[in-house]
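Q: I have a model open and want to go through the contacts with you. Can we take it piece by piece?

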Amino acid sequence: MATVQQIRHAQRSDGPAAVLAIGTANPASCMLQNDYADYYFRVTNSEHHADLKDKLKRICKNSGIERRYVHLDEELLGAHPDFSDRALPTLDARIDMASAAVPELAASAAARAIAEWGRPAADVTHLVFSTYSGGKAPSADLRLASLLGLRPTVSRTILSLNGCSGGGRALQLAKELAENNRGARVLVACSELTLIGFYGPQEGRLDTILGNGIFGDGAGAVIVGADPVDCIERPLFEMAFATQTTIPETENEITTRLMKGGLDFHVSIRVPKLLKSNIERCLIDTFKSIGISAEWNDLFWAIHPGGRAILDHVEQLLGLGVEKLAASRRVLREYGNMSAATVIFVLDELRRRRARGEEVAEWGVMMAFGPGITIETMVLHAAGSLKEN
Ligand SMILES: CC(C)(COP(=O)(O)OP(=O)(O)OC[C@H]1O[C@@H](n2cnc3c(N)ncnc32)[C@H](O)[C@@H]1OP(=O)(O)O)[C@@H](O)C(=O)NCCC(=O)NCCSC(=O)CC(=O)O
């Protein structure tokens with residue numbers, strides 16, 4: 001008869017969890033940031049709010065964003081003009097739309113990750129799904145499992161309303177699952193659609209202006225597993241260590257709430273400075289826990305590009321060379337802030353840079369920020385066998 005200790009030991013993987021494949025997807029409709037303020041005030045019939053339009057123009061101009069992709073384009077909004085007025089009861093219609101579109105976008109990203117992984121979708125044992133764009137059960141994770149043909153025994157977890165830290169949290173959970181269930185292959189999917197909280201402008205609601213100026217739609221998917229199968233699976237990033245930190249007394253700084261008119265969203269103007277005051281302590285504590293003293297410029301960085309000011313603050317605080325946040329800045333420029341999905345795009349960008357022969361450090365850090373204020377940190381090791389896809 002086996003002992004509990006033996007059973008437990010047999011369940012553990014030998015090696016660390018690793019990112020084995022990455023896929024991303026965006027809706028087809030592209031919005032150019034230079035044109036966005038004119039577009040937004042026109043489609044929401046809000047030209048009379050000239051001061052707010054000027055503010056959005058200022059935000060767009062300095063956002064570090066060139067384009068974003070959206071599911072709720074002009075044609076779809078034309079069929080739902082009530083979405084522009086946050087006072088109208090549109091939550092049901094938004095949830096119906098998101099319930100179909102969120103898992104479909106996730107499926108596009110996941111299909112790419114699975115194709116790169118090289119094994120059948122039926123070999124996925126666990127699914128961790130993060131989205132802020134849902135509001136019903138069964139959730140987008142079940143629909144995604146069905147779209148991909150995952151096995152009925154796949155073990156599903158949905159993270160709802162984790163906001164921009166959801167990608168970091170999902171990847172940390174995937175690491176724990178892979179390392180504690182020998183042979184597990186975890187599909188992480190983050191799919192975010194702004195349609196759940198798209199409104200026209202309103203005096204006194206500057207969050208709406210900021211949100212419309214920086215957020216975009218996208219999905220990212222990652223396959224995570226330990227002990228890669230020879231000749232089939234090739235690790236991209238080994239997941240060495242992960243932590244979660246909450247900045248004390250900041251629970252009102254980033255908030256979301258489902259209301260009758262959609263998702264109400266608040267990001268205080270203090271967020272970049274609060275992150276600046278807390279990130280280095282968090283990094284020092286993380287590296288101390290694993291007994292490594294790191295020089296920040298010797299690492300690669302996958303920082304959630306929540307906004308241009310956040311990247312500027314992190315770069316300045318840590319004294320990072322200008323190339324260190326290039327992957328985060330490129331993702332911000334090409335897609336905007338896609339909440340939880342964004343760090344997956346940054347990892348994808350980093351591995352592409354490395355595959356192109358650009359220098360990427362051996363060790364690195366992924367950080368994502370969200371309501372709490374929560375900071376998700378993961379120490380990564382860039383595995384040797386990178387391939388171009
Ligand atoms: C938006 C910016 C690109 C604008 O850059 P600028 O160089 O122009 O700087 P700025 O700070 O002077 O801002 C320009 C105008 O925007 C206004 N503004 C800035 N931040 C604001 C906020 N949070 N709420 C309302 N208004 C805001 C300023 O008051 C100013 O108005 P005026 O021009 O009238 O003086 C930058 O401020 C930025 O990157 N901010 C960080 C955004 C952020 O917090 N992202 C995290 C999202 S939450 C997230 O990622 C996690 C999650 O959702 O879970």
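Q: Which residues does Leu263 touch, not counting residues up to four places away in sequence?
A: Leu263 touches Tyr132, Leu161, Ile196, Gly197, Tyr199, Thr256, Arg257 and Leu258. Contact here means heavy atoms within 4.5 Å.

Q: What sort of model is it, and what are the ground rules?
A: This is a predicted model, where local features need pLDDT of at least 70, side-chain atom pairs count only at pLDDT 80 or more, and totals for chains, interfaces and linings use all residues. Side-chain values use heavy atoms, with hydrogens and water left out, and residues are numbered from 1 along each chain as its sequence is written.

Q: Where does Leu263 sit?
A: Leu263 is in strand 10, residues 262-267. Strands (E, at least two residues) and helices (H or I, at least four) are DSSP runs, numbered from the N terminus.

Q: What does strand 10 pair with?
A: Strand 9 (residues 254-259) pairs with strand 10 in the antiparallel sense, over six bridges. Two strands count as paired if DSSP finds at least two bridges between them. Strands 9 and 10 form a hairpin with two residues between them, and Leu258 stands opposite Leu263.

Q: And how far is Leu263 from Ile196?
A: Their C-alpha atoms are separated by 5.7 Å, while the two residues are 67 apart along the chain.

Q: Changing topic. Which residue carries the "active site" annotation?
A: The UniProt annotation, from an unreviewed entry, covers Cys164. UniProt positions are in the numbering used here, feature names are shortened, and annotations may be inferred rather than shown by experiment.

Q: Where is Cys164, then?
A: Cys164 lies in the loop between strand 5 (155-160) and helix 7 (166-180). At 12% relative accessibility, Cys164 counts as buried.

Q: How is the chain divided into domains?
A: The assignment gives domain 1 (17-226) and domain 2 (237-382); such bounds come from an automatic or database domain assignment. The C-alpha centres of the two domains lie 18 Å apart.

Q: How much area is buried between domain 1 and domain 2?
A: About 4200 Å², of which carbon and sulfur atoms give 60%. Buried area is the accessible area (1.4 Å probe) that two parts lose on being put together, summed over both. Ile22, Cys164 and Asp207 supply 14% of the area that domain 1 buries against domain 2, more than any other three residues.

Q: Back to strand 5. What sheet is it in?
A: An open sheet of nine strands in the order 5-4-6-7-1-8-13-12-11, with mixed pairing. Strand 5 and strand 11 (300-303) are the edge strands, each pairing on one side only. Strand 4 (residues 126-131) pairs with strand 5 in the parallel sense over six bridges.

Q: Last one: which residues of helix 10 are buried?
A: In helix 10 (residues 308-318) these are Ile310, Leu311, His313, Val314, Glu315 and Leu318. The buried residues of helix 10 pack against helix 9 (271-289), strand 11, helix 11 (326-335) and strand 12 (363-370).

Methods: Buried means under 20% relative accessible area, exposed over 50%, partly exposed in between (1.4 Å probe, protein chains only).
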